[in-house]
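Please take a moment with the sequence and the three-dimensional view below before reading on.

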Amino acid sequence: MIVAERKGFEEIAASLSGFRKVLVVGCGTCVAVCLTGGEKEAGLLAAQLDMAAQLAGRDQVFEVACVERQCDREFLDELAARAPEFDALLSLACGAGIQFLAERYDEIPVLAGVDTTFIGVNDNVGVWEERCRSCQSCLLSTTGGICPVALCPKGMLNGPCGGTADGQCETDPERACAWTLIYERLSRTGRLENLARLVPLRDNARASLPGRRTHPAYQRRYSAHA
Ligand code: SF4
Ligand code: SF4
């Protein structure tokens, strides 16, 4: 899932200055799971903005909407009747969703209410941890299902740096070195020979921006863009 964090209230309120009628748009998928931008969080933020505006004597109105996924046109269409009534849309989706909302409602200012942080997992109740940097050359088959790109602060691809000590990371002694974890997992699964495989330098050509992928079954249909 994509993990995001809500921007500070002051920053959000400042970005809305000058807009009288604002629709706070939540997203029902990743940002809802990480308790940042779902329907409930959109409602709470709208109430907080409303109260702050009233206390400051500002004439502002905040309403709430939530779609299943802001990164999907089909769901953005649900706002078609409502969105034009507003001076601005405040999106609580990830960066991709915010951009898609802005693209769909091109005539209306769209503002970001969250900072997108990483692709991660739900490690515990209320705790998320980064697990993938979408490097486009996945190494997990070789590294025992543990990602050195995301879990090693130096992104070491071929074994640990010289700073690992007693299995811990030199940048944070509270954390296991990613390469210790990789070694232990490969050892447990009888695949230590993987450590002898040299991971080649990253092919940066594959990571050219912006990424675009067409499913093979649709390549003829979109041949102009495939
Ligand atoms: S190697 Fe790591 S960063 Fe790259 S795709 Fe796999 S999990 Fe993601
Ligand atoms: S100690 Fe391990 S996890 Fe930490 S930076 Fe070095 S190789 Fe990466």
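Predicted model: local features only at pLDDT ≥ 70, side-chain atom pairs only at ≥ 80, totals over all residues.

Taken along the principal axes, the box filled by the C-alpha atoms of the chain is roughly 65 × 50 × 25 Å. Buried residues make up 28% of the 226 residues, where a residue is buried if 20 or more other C-beta atoms lie within 10 Å of its own, exposed if 12 or fewer, and partly exposed in between, with C-beta atoms placed from the backbone. Among the contacts with a separation of 6 or more, 56% join residues 24 or more positions apart; two residues are in contact if their C-beta atoms, placed from the backbone, lie within 7 Å.

The chain holds seven helices and nine strands, which are DSSP runs numbered from the N terminus (helices H or I, at least four residues; strands E, at least two). Four of the strands form an open sheet in the order β3-β2-β4-β5, with parallel pairing, and two strands pair if DSSP finds at least two bridges between them. Because β3 (61-67) and β5 (110-112) stand at the edges with a single partner strand each, one side of each is left without a neighbour in the sheet. The twist averages 25° from one strand to the next; axes are lines fitted to C-alpha atoms, for helices over the stretch in contact, and angles run from 0 to 180 degrees between N-to-C directions. Within the sheet, β2 (residues 21-27) and β4 (residues 88-91) pair in the parallel sense over four bridges, and Val-22 stands opposite Ala-88 in β4. Helix α3 (residues 39-56) lies across β2 and β3, running at about 175° to β3.

Around ligand 1 stand Cys-132, Arg-133, Ser-134, Cys-135, Cys-138, Leu-139, Leu-140, Cys-147, Val-149 and Ala-150, a residue being near a molecule or strand if its C-beta atom, placed from the backbone, lies within 6 Å of it. One of these residues, Ser-134, is in the loop between β7 and α6 and is exposed, with 11 other C-beta atoms within 10 Å. The C-alpha atoms of Ser-134 and Val-149 are separated by 9.2 Å, although the two are 15 residues apart along the chain. Ligand 2 is surrounded by 14 residues, of which the closest are Cys-152, Cys-161, Thr-164, Cys-169 and Cys-177.

Most residues other than glycine have a negative phi. Leu-35, however, in the loop between α2 (30-33) and α3, has a positive phi near 55°, and Gln-136, in the loop between β7 (127-132) and α6 (148-151), has a positive phi near 70°. Leu-35 is partly exposed, with 13 other C-beta atoms within 10 Å, and Gln-136 counts as partly exposed with 13 C-beta neighbours inside 10 Å.

Technical notes: Residues numbered from 1 in each chain as written. Chains lettered and ligands numbered in written order.
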